[in-house]
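Colleague: Could you walk me through this one? I would like to talk about pockets and then helix packing.

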Amino acid sequence: METPHTGGYWYEQDPPRGSLPVAVLNALRDYRASESAMRRRTREAMSMGETDLLALRYLLEAQARGVAVSPKDLRGRLGITSASMTSLVDRLVRSGHVTREPHPTDRRALILKPTPGSDHEVRQTLGSMHERMIEVARSLSEDEAKTVLAFLTRMREAVDTIDPAAHP
């Protein structure tokens with residue numbers, strides 16, 4: 001196992017519980033940097049932008065759950081403007097990743113569906129990495145998995161909260 005990086009610009013140099021909390025935060029930062037690099041490689045391999053890939057992932061997940069997604073739904077999920085949504089859908093349709101189809105119950109509406117080729121391309125591009133990730137997760141004991149889940153949930157809550165005193 002690699003020696004943990006215990007220094008940190010943002011963190012006090014001699015924390016009360018020793019250097020392990022800083023090492024945990026640095027390991028989390030290193031993971032985020034690796035994940036960011038993986039996303040960049042994936043975008044390059046699929047010749048897609050970040051928002052395009054996020055949209056495709058959402059559409060594939062919705063399809064797996066049997067949920068129809070309208071452009072309005074996707075726009076809300078991605079937090080983009082109507083004009084950006086139109087451009088995004090046009091790009092995904094042009095690249096062969098998405099189709100526009102009539103809504104099954106509302107003649108005036110459309111739904112967006114990923115193409116079968118998109119699912120195959122994503123699985124081919126990310127499949128082996130996802131297998132490695134699930135193997136790492138499976139290697140955890142039940143107690144370790146519960147600890148990791150609790151930690152990540154609390155970290156998400158910590159970063160989702162904006163300190164109103166810091167932003168007058």
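Colleague: How much space lies in the second largest pocket?

Modeller: About 670 Å³ lies in the second largest pocket. A pocket here is an open set of points on a 1 Å grid over the protein atoms alone, where a 1.4 Å probe fits, with protein on both sides within 12 Å along at least five of seven lines, and the volume is the space filled by probe spheres set on the points. This is a predicted model, in which local features need pLDDT of at least 70 and side-chain atom pairs count only at pLDDT 80 or more, while totals for chains, interfaces and linings use all residues. Residues are numbered from 1 along each chain as its sequence is written, and side-chain values use heavy atoms, with hydrogens and water left out.

Colleague: Which residues lie nearest the centre of that pocket?

Modeller: Those are R57, E61, V122, L126 and H130, out of a lining of 22 residues, where lining means having an atom within 4 Å of a point.

Colleague: And which helix supplies the largest share of the lining?

Modeller: That is α2, with nine residues, and α1 (20–46), α2 (50–65) and α5 (116–138) each supply at least two; helices are DSSP runs of H or I with at least four residues, numbered from the N terminus.

Colleague: What is the lining like by class?

Modeller: The lining has eleven nonpolar, four polar and seven charged residues, with Asp, Glu, Lys and Arg counted as charged, Ala, Val, Leu, Ile, Met, Phe, Trp, Tyr, Cys and Pro as nonpolar, and the others, Gly among them, as polar.

Colleague: Changing topic, at what angle do α1 and α2 pack?

Modeller: They pack at about 90°, with their axes 10 Å apart, the axes being lines fitted to C-alpha atoms over the stretch in contact and the angles running from 0 to 180 degrees between N-to-C directions. That makes α1 roughly perpendicular to α2, a label used for 65 to 115 degrees. The contact (heavy atoms within 4.5 Å) is made by R39, T42, R43 and M46 of α1 and E50, L53, L54, L56 and R57 of α2, and by class it has four nonpolar, one polar and four charged residues.

Colleague: Where does α1 touch α6, then?

Modeller: The axes of α1 and α6 (residues 142–160) come within 13 Å and cross at roughly 80°, so α1 is roughly perpendicular to α6. V24, L25 and L28 of α1 meet F151, L152 and M155 of α6, and these residues divide into six nonpolar, no polar and no charged.

Note on methods: Parallel < 35°, antiparallel > 145°, perpendicular 65-115°, else oblique.
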